[in-house]
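Q: Could we go through this structure together, one feature at a time?
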Amino acid sequence: MSSADLEHDPTPKDLADREREEKERKAKEDAEQAQLPYKWTQTIRDVDVTIPVPANIKGRDLDVVLTKTKIKVAIKGQEAFIEGDLPHPIIVDESSWTLETTPRPPGKEVSVHLDKVNKMEWWPHVVTTAPKIDVSKITPENSSLSDLDGETRAMVEKMMYDQRQKEMGGMTSDEQRKMDILKKFQAEHPGPLQGQKSLFRVPMYRSSGESSTERVYHPRRPHRKSRSGCLTCKRRRVKCDETQPHCLRCQKHGVTCVYAGPECSTTERGLISLIIEKKPELVSPSSREYSMYLLEVAEKIDELLQLGSKKRHFPDAVCALHHFHNATTPTIANDRTQLLLRNQLIPLAFNTPLLMHTIIAVATSHLRYAVPDKTTYKLAEAYHWQQAISQYSKELARAVGPHNMDALFSTCLLMTVNAFLLDEYNPRSSFVFSDDPKALNWLTLQGGLRHLLGLTRPWLCISMWWEVFMASHHETEAFDDPRPGRVGLHPELADLCGIDDETTEESNPYLMPVRMLSLLLPAERSIKSFSKYTNFMGRLLPSFWAQLAKKDPPALIILSWWLAMLDSAKCWWAETRVRSECAAICMYLENSEDPRVLQLLEFPAEVCGYLLRHVQERADGGISIIPYEPVSW
């Protein structure tokens, strides 16, 4: 192709024909896209899909699957809105979906965010079975370009320039570059080569010392990312335009837009934040700065908790905090939650006396468990738990919102330690031998978390606990199975609870607990299943609690099985409670005339080490004892 051919301008007729063809193409493309049951947009970095759904749909009604190369969004039991292979892979950990209420009919929509692996290409469609769009016609908005880093923006601007050149019949940047190199070579090598075919290949390079006159595409300098965006956009990892009080992206999706408060100074944030950021291991204890850091942290804790004269009666708060960070955290949380407790919870506590009291209370409870004879630990434990519970109650009485929800979530979860702690093994002190309605308070604490989740639903996506809550939800999503009947249930438990093929959750308060318990049986008996076990109690409804308060045998059997499985997590703060309550239930039910009750009691009795009367009688009669071991169904 000669330079004259490349520089030829299109005639008016050519331009008119191209415009007409473009309009026809665009009309056809718009018609095809309008037929899809979803709408989608994209930037060079990601894709957003919006699917309208009926207003009565809840998250548990949806079947959403996002893998590296596939997507599916459907209402359970119905045809999928979208399902198939993605044209290009996505980063699954950076992709997400939400169910949002909108003012537009039908009332709700599923928003799916897909983060591209290759952030330098446009997608012609969301799934390969859908109609394509012409990606060469995409012209990103300026606001979208500002979302990109310097290298990616340079690539996009180059694509836009080449697109405009093609539409005008001109040369792309690569063609211009080759033409400039050819012209330069011809200028530097005049003679027979000009205008003639070359008998050899000309190397298309130049020495590094030569000055360049070729047209080179210069990328824009990288810009700083948004540092003042709203918390919702930060949580979704998308660019925020920082419009206040509500950014445009949140307004578009109809979600709550919340901005963080003004940035605090180092002193106001708490010195522990500075220590963790700059010296994660608190620096070496052998260094001179170590003592200075500890003194400053100790002063900050004393000031925060207002210990005053009480300080001399309690162990060093810094030691308790250090013990929580290094020793207690692995005993109360899985790997994912441990990182959150260490990297986010402790810095938050330095601005929240309520949470600081709770953390020190948990740490001193652990220290007292390890060294039970030390009186100072017992005094400190009692004081900090009393302060934590008192301040927690006062904080709940105030307005609950994004400003205090993380502190309340953290305190509520850590208070499980206090609720389950039992000083000594004493089955006779169990609720099964008491008429006091408060005797079950140790078990009902998880209901408080459910209440908190309801109060903070509009802001949950910006909570530091969001990913933990979502992971826990996905682990136990099968708990929400609303089907009637006994399919998938442990048959002996179902028989005891009177569950048949027509039973529903409304007609029998035991259907949902037995279904959840049946799903827990195959889980690994270790700390890895701890979140699943705690989720079980948090989902129980008042109808079940009423049966438990009446000491109904099926309710007691269900509780004893759950306690026996919780024992496998080997939680120092729960083991005495678990064994004591299991033994109490065995003592209460071992005289039952129902053989089903006696057989089902053998599993918790084996765990807590209680010898049931009928098992003893079998042994005395020379009958070999085979412990009852529940199996999954």
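A: Let us begin with a term: two residues are in contact when heavy atoms lie within 4.5 Å. Among contacts in the chain between residues at least 6 apart in sequence, 65% join residues at least 24 apart. The model is predicted, so local features need pLDDT of at least 70 and side-chain atom pairs count only at pLDDT 80 or more, while totals for chains, interfaces and linings use all residues. Residues are numbered from 1 along each chain as its sequence is written, and side-chain values use heavy atoms, with hydrogens and water left out.

Q: How many helices and strands are there in the chain?
A: The chain has 26 helices and seven strands. Helices (H or I, at least four residues) and strands (E, at least two) are DSSP runs, numbered from the N terminus.

Q: And what share of the residues is buried?
A: Of the 633 residues, 44% count as buried. Buried means under 20% relative accessible area, exposed over 50%, and partly exposed in between, with a 1.4 Å probe and protein chains only.

Q: Where is R596 found?
A: R596 belongs to helix α25, which covers residues 595-608. R596 is partly exposed, because its relative accessible area is 39%.

Q: Which residues does R596 touch, leaving out those up to four places away in sequence?
A: R596 touches D495 and L496. L496 is 100 residues from R596 in sequence, yet their C-alpha atoms are 6.6 Å apart in space. As for D495, its backbone oxygen lies 3.2 Å from a polar atom of the R596 side chain.

Q: New topic: at what angle do α24 and α25 cross?
A: The axes of α24 (residues 575-589) and α25 cross at roughly 150 degrees and come within 9 Å. Axes are lines fitted to C-alpha atoms, for helices over the stretch in contact, and angles run from 0 to 180 degrees between N-to-C directions.

Q: What does that make α24 and α25 relative to each other?
A: They are therefore roughly antiparallel. Angles under 35 degrees count as roughly parallel, over 145 as roughly antiparallel, 65 to 115 as roughly perpendicular and the rest as oblique.

Q: Which residues make the contact?
A: From α24 they include R579, C582 and L589, and from α25 they include V597, L601 and C608. By class, the contact of α24 with α25 has 12 nonpolar residues, no polar ones and one charged. Ala, Val, Leu, Ile, Met, Phe, Trp, Tyr, Cys and Pro count as nonpolar, Asp, Glu, Lys and Arg as charged, and the others, Gly among them, as polar.

Note on methods: Polar contact = N/O pair within 3.5 Å; in protein donor to acceptor, adjacent residues only side chain to side chain.
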